[in-house]
Amino acid sequence: MTSLPTWVNPFVAKAAEQTGTPGWLSELRQQALARFAAEGWPTSRLEAWRHTSLAIMEQKSYELAQSTAAADALVRACKNEEDGYWLTFVNGQFDADASTVMGTESGLRLASVAQLLRDESDTLEAIYGNVDMGSSPEALNLALAQDGAYVRVAQGVQIAKPIHLVYINTDTQSATFTRSFIALEAGAHATVVEHYLSTDDYAGLTNSVTRIWTDRDANLTHLKLQNQSEKSVHLAAVDAEQEQASHYESHSLSFGAQLARTGIETHFKGQQCHALLNGLYYVNDRRHVDHFTQIHHEQPNCTSHEYYRGVMADRGRGVFSGRIIVYEGADGTDAIQRSDSLLLSKLARADTKPELEIYADDVKCAHGATVGQLDKDSMFYLRSRGLSHEEAYDVLIYAFAAQVLERIQSESLRQRATKGIQNLLPGGKKIGEQI
């Protein structure tokens, strides 16, 4: 591929017209466009995309979002009267009326990226990213993103309420590109939740990048809930950097989209870092969901625990590829990686590839994967206790998913995740009463 898809041109023009665009960003965007034009969409010829080719994207076309009106019903359902701070983006643009950022705690700053680019672009220049990061969809994001969330927690501040970043799509065939930044200074603690929602008829493209920094002794819990229309395409990347003794928890839950891929990567820049990567995905019909993770043990005496579980029904296909790299000199590394897949039909498919790449001697590393079906003896036991076939079926699926949900320490966030999986099961609303 040596040229851009025709539909990209209006997005390029709109980005160029963005008010107050600094020179450094204009240059980055041009470099990123050149990279995407040269590489095109990833195909299965690339090892990192072996099980999730985006060649089909060459046949798709997307439009600029026209509507900026708030998606009131989706916003209300998402908030559900829950306390917290809320930054809401509708069709890729910050919606101040649907956000709650006033009266934030001392030491917490919440802003839209578009506002920062207009008023104080120097804040973003050093952290915005570069053209070589990630795969070509991330380069396209770098070229076209005009807005996103900016979250910064000052040194030693512990934010009591969760910070919710809500991304809603309502224009049927539109594409949105958001680029967000989360930074915790030394000793800071925070919980950030990213929600990706859409109307039922949304058949567009969501391309998002989230960049994360946790300074020394900082503690971040990051939950990503993807529940978009089953007609849409969702491409997301999360890139984290951790300084000494920092703690990063990533919980990624993918329940929607026709094609969804989330890449999660963290780099240990100091000793005694810890990362928990925890994920759950449900794939039915002919949908396709992919999680691609990389953990870079660049320093000694760090730990990482990684657990992903997928439930595949009908002709659904779930993919997990995880790579842990232990660099030379990273002695004392303790790393666990596990992937488990549950197939609910003969035509469902799971592809799993846990990897360890070790260049140090004094380490403790383990990885494994399982693919299986519902246990017939367990089904028989539950049926013998009076449950219908449907109820027993749902209980066993929920029990399989519960191990992932139990790792979410916040009760309110765990309930959100639980509701997500319950709503996908035929008798799911009764599960909570039975478990």
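**Burial and packing in a predicted model**

Colleague: How many of the residues of helix α6 are buried?

Modeller: The model is a predicted one. Helix α6 covers residues 136-144 and is mostly covered. Its buried residues are Ser136, Pro137, Ala139, Leu140, Asn141, Leu142, Ala143 and Leu144.

Colleague: What covers the buried residues of α6?

Modeller: Both helices and strands take part in the cover. The helices include α1 (9-16) and α2 (23-39). The strands include β6 (175-184), β8 (205-214) and β10 (233-242).

Colleague: Is Leu413 buried or exposed?

Modeller: Leu413 lies in helix α9, which runs over residues 411-422. Its relative accessible area is 1%. A residue counts as buried under 20%, so Leu413 is buried.

Colleague: What share of the contacts in the chain with a separation of 6 or more comes from residues 24 or more positions apart?

Modeller: For the chain, residues 24 or more positions apart account for a share of 83%.

Colleague: Why does the radius of gyration of the chain agree with that of a compact globule?

Modeller: The chain has 435 residues, and a compact globule with that number would have a radius of gyration near 22 Å. Along its principal axes, the C-alpha trace spans about 70 × 50 × 50 Å. The radius of gyration agrees with the globule value because the chain has 21 Å.

Colleague: How many disulfides does the structure hold?

Modeller: A disulfide is a covalent bond between the sulfur atoms of two cysteines. The sulfur atoms must lie within 2.5 Å to be counted as such a pair. The structure holds 0.

Colleague: Where is the nearest cysteine sulfur to Cys365?

Modeller: Cys365 is in no disulfide. Cys365 is partly exposed, with a relative accessible area of 24%, whereas Cys78 counts as buried at 5%. The nearest cysteine sulfur to Cys365 is 12 Å away and is that of Cys302.

Definitions and conventions: Residues are numbered from 1 along each chain as its sequence is written. This is a predicted model: local features need pLDDT of at least 70, side-chain atom pairs count only at pLDDT 80 or more; totals for chains, interfaces and linings use all residues. Side-chain values use heavy atoms; hydrogens and water are left out. Buried means under 20% relative accessible area, exposed over 50%, partly exposed in between (1.4 Å probe, protein chains only). The radius of gyration is taken over C-alpha atoms; the globule rule is 2.2 Å times the number of residues to the power 0.38. Contact means heavy atoms within 4.5 Å. Helices (H or I, at least four residues) and strands (E, at least two) are DSSP runs, numbered from the N terminus.
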